[in-house]
Amino acid sequence: MREKDTTAVLSPISEQAEETENSQPAQAAQAGGQTQVKTAAERKRPGRLNESKRIKIFCGSSNPALCEEICKFVGVPLGETRLQRFSDGEVHFQLLENVRGADVFLVQPTCFPVDQHLVELLIMMDALKRASAGRITVVIPYYGYARQDRKDRPRVAITSKLVADLLTTAGANRALLVDLHAAQIQGFFNIPVDHLFASPVLVSYFRELNLPDLTVVSPDAGGVERARFFAKKLEVPLAIVDKRRTDINVTEVMNVIGDVRGRTCLILDDIIDTAGTLVKTAEALLEQGAEKVYACATHPVLSGPAVERIANSRLEQVVVTNTIPLREDAKAVEKIKVLSIAGLLGRAIESIHMETSVSSLFN
């Protein structure tokens, strides 16, 4: 049996190219060694391999307005996708552009309806992973299920850990989160987590307001660290409201720790859900002699009767960020003001992509 001839046959063009490649080192040597000589393999390698990795930003259906602001800040067009639903509610997601090897940022707060947006996020990550994205950073301005972060009662789930596991399994390589309900939730992830705070945006706003005799108030003991940081930045005193939670979404304010008589109070929290805690805290402060009460929070969940409670309350103003899009009825309430964190998230995305520190964004 004859052996198969595997000898390569060179065309005249190939022979000429080979002679050129072999002659270049000699020419460089004759020039005094000043020219840096590339090897044949380096000359054949496409130039794009030496370029920085591509960056792409995609978003789901929960907050497209925020994602468009982020893209405008970063200077990157929003990625093209097709998101549809079958008649039974199942999600169908398709990427309409190539993401192979790209540095992908997927923006999706898991706000109401939480389950729908969470499953949507997982499906989008699976599509990116199967499309060979180089790195997937999930950007979650509002992390749903964060409030169930420990077993405070027998036979309950720790959903914040469950969601972290789901995100990692779906394909997330990194997570960018904003104002977690409890900072230790970062430890539930087995991937790098960048935890940002909206306080720089909020502090800047209230610093410009220059409210007289201001006191920052934490609505519960769990938020003291957050309120202390806020008060330190504004260089104002701190007060605490002691509350006792009697049931889910039901609270009873007990007393105020600190002197608020004759002062302007600013209640600081991470989430405004039903606004029950917020309104009762404001009433307790006014009963203790506070002149005016403002409030601010990062995440305007505003579920149930929250908008009506805020509209009918004695609060002067409620300042929130756009981590969650406002409900239509909330947009009509003049007391509610929205600040954008698109610049904060945009700078974090740039830092992650360029592999630089994000610590400056904490200040």
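The questions and answers below walk through a predicted model.

Biologist: In what order do the five strands of the open sheet lie?

Modeller: Strands of a sheet pair through backbone hydrogen bonds, either parallel or antiparallel. Here the pairing is parallel. The twist from one strand to the next averages 15°. The order is E1-E4-E5-E6-E7.

Biologist: Which are the edge strands?

Modeller: Look for strands that pair on one side only.

Biologist: How many bridges join strand E4 to strand E5?

Modeller: Strand E4 covers residues 103-107, and strand E5 covers residues 135-140. The two run parallel. Valine 107 stands opposite valine 139 in E5. The number of bridges joining E4 to E5 is five.

Biologist: At what angle does helix H3 run to E1?

Modeller: Helix H3 spans residues 64-74. This helix lies across E1 and E4. Its angle to E1 is about 165°.

Biologist: Are H4 and H5 roughly parallel or roughly antiparallel to each other?

Modeller: Two packed helices are described by the angle between their axes and the distance between the axes. The axes of helix H4 (residues 114-130) and helix H5 (residues 159-170) come within 8 Å and cross at roughly 25°. Angles under 35 degrees count as roughly parallel. So H4 and H5 are roughly parallel.

Biologist: How many nonpolar residues are in the contact of H4 with H5?

Modeller: H4 brings residues including Leu118, Leu121 and Met125, while H5 brings Val163 and Leu166, among others. Asp126 and Lys129 of H4 also take part. By class, the contact has one polar and two charged residues. The nonpolar residues number eight.

Biologist: Why is the pair of tyrosine 205 and phenylalanine 206 called edge-to-face?

Modeller: The count of aromatic pairs comes to two. For tyrosine 205 and phenylalanine 206, the ring centres are 5.2 Å apart. Planes over 60 degrees apart count as edge-to-face. This pair is edge-to-face because its planes are at 85°.

Biologist: Is tyrosine 205 buried or exposed?

Modeller: Buried means under 20% relative accessible area. Phenylalanine 206 falls in that class. Tyrosine 205 is likewise buried.

Biologist: What does lysine 233 count as, at 33% relative accessibility?

Modeller: Lysine 233 sits in helix H7 (residues 224-234). Buried is under 20% and exposed is over 50%. At 33%, lysine 233 therefore counts as partly exposed.

Biologist: How many Å apart in space are lysine 233 and serine 199, C-alpha to C-alpha?

Modeller: In sequence, lysine 233 and serine 199 are 34 residues apart. In space, C-alpha to C-alpha, the distance is 9.3 Å.

Technical notes:
Residues are numbered from 1 along each chain as its sequence is written. This is a predicted model: local features need pLDDT of at least 70, side-chain atom pairs count only at pLDDT 80 or more; totals for chains, interfaces and linings use all residues. Side-chain values use heavy atoms; hydrogens and water are left out. Rings of Phe, Tyr and Trp (its six-membered ring) pair if their centres lie within 6.5 Å; planes under 30 degrees apart count as stacked, over 60 as edge-to-face and the rest as tilted. Buried means under 20% relative accessible area, exposed over 50%, partly exposed in between (1.4 Å probe, protein chains only). Axes are lines fitted to C-alpha atoms, for helices over the stretch in contact, and angles run from 0 to 180 degrees between N-to-C directions. Helices (H or I, at least four residues) and strands (E, at least two) are DSSP runs, numbered from the N terminus. Angles under 35 degrees count as roughly parallel, over 145 as roughly antiparallel, 65 to 115 as roughly perpendicular and the rest as oblique. Contact means heavy atoms within 4.5 Å. Ala, Val, Leu, Ile, Met, Phe, Trp, Tyr, Cys and Pro count as nonpolar, Asp, Glu, Lys and Arg as charged, and the others, Gly among them, as polar. Two strands pair if DSSP finds at least two bridges between them.
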